[in-house]
Amino acid sequence: MTIARNLWGHIERRDHRVMRRMNRWRAPRWIRYWMIAATRMGDGWLWYGLGAILLVFGGAERFAAVSAAGAAGLTGVGIFKLIKLLSQRPRPCQFEPHCWSKVLPPDMFSFPSGHTMTAFSISLVVSYFYPSLEAPLFFLALSIAVSRIVLGMHFLSDVLAGAVLGVALGCASITAFASFGLI
């Protein structure tokens, strides 16, 4: 138990160090706009829009792609809400105010990052069906993940956990749909 406690203490110290640096960093204006835009794109409307575009213009694989991505995204929402309730980890903005970001958190708990989990799970599934979208989708997912740290919404470990869980959900969704012959 002391090994786990020591490891968690190490992670917490690193998280708080990164949080303090981000909260005090006066980012250039273009980075501020980029981070706010990225976090807003991760609010969900972008994924709904992408699903609608794929349904209209996605070709023969559109139903499988949207179904698998939707399954990964919806499962992710349930998982991150459950983990947040269990962990009840406070957000960085509850420890220290951010110097320039006035973005409000969508809920009160930090671990894991739901924006990051959703971005990575949907990006992975959609890029499986449409490989030409892989680079822009993962750039977007990475931008959303970084924005959550820069804007003081999440700790680094929240975002890393969200990315790992998102990739796992994306892989699980592709595997499940393939095993049922839906892909």
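Lining the largest cavity are Asp15, Val18, Met19, Met22, Asn23, Pro92, Ile149, Gly152, His154, Phe155 and Leu156. A cavity here is a set of points, on a 1 Å grid over the protein atoms alone, where a 1.4 Å probe fits but cannot get out, and lining residues have an atom within 4 Å of a point. The model is predicted, so to speak of local features takes a pLDDT of at least 70, and side-chain atom pairs count only at pLDDT 80 or more, while totals for chains, interfaces and linings use all residues. Residues are numbered from 1 along each chain as its sequence is written, and side-chain values use heavy atoms, with hydrogens and water left out.

Searching the whole structure turns up one cavity of 30 Å³ or more, and the volume of the largest cavity comes to about 40 Å³ (the space filled by probe spheres set on the points, which are joined across faces, edges and corners). Helix 1 (residues 2-24) is the top contributor to its lining, with five residues; helices are DSSP runs of H or I, at least four residues long, numbered from the N terminus. By type, the lining splits into seven nonpolar, three polar and one charged residue. Nonpolar covers Ala, Val, Leu, Ile, Met, Phe, Trp, Tyr, Cys and Pro, charged covers Asp, Glu, Lys and Arg, and the others, Gly among them, are polar.

Now for the charges. The whole structure has four salt bridges, each a side-chain nitrogen of Lys or Arg within 4 Å of a carboxyl oxygen of Asp or Glu. One of them pairs Arg89 with Glu12 at 2.9 Å, N to O. Arg89 sits in the loop between helix 4 (62-87) and helix 5 (92-95) and Glu12 in helix 1, so this pair ties together parts 77 residues apart in sequence. Arg89 also meets Asp158, at 2.7 Å, N to O. Asp158 belongs to helix 8 (residues 156-179), so here the parts tied together are 69 residues apart in sequence. Both Arg89 and Asp158 are buried (under 20% relative accessible area; exposed is over 50%, partly exposed in between, with a 1.4 Å probe and protein chains only). Through shared partners, salt bridges join Glu12, Asp15, Arg89 and Asp158 into one network.

Elsewhere, Arg40 and Asp43 form a salt bridge at 3.1 Å, N to O. Arg40 is partly exposed, at 36% relative accessible area, and Asp43 is partly exposed too, at 42%.

How values were computed
1 Å grid on protein atoms, 1.4 Å probe; cavity = no way out; pocket = protein on both sides within 12 Å on 5 of 7 lines; lining within 4 Å. Helix = DSSP H or I, 4+ residues; strand = E, 2+ residues; numbered from the N terminus.
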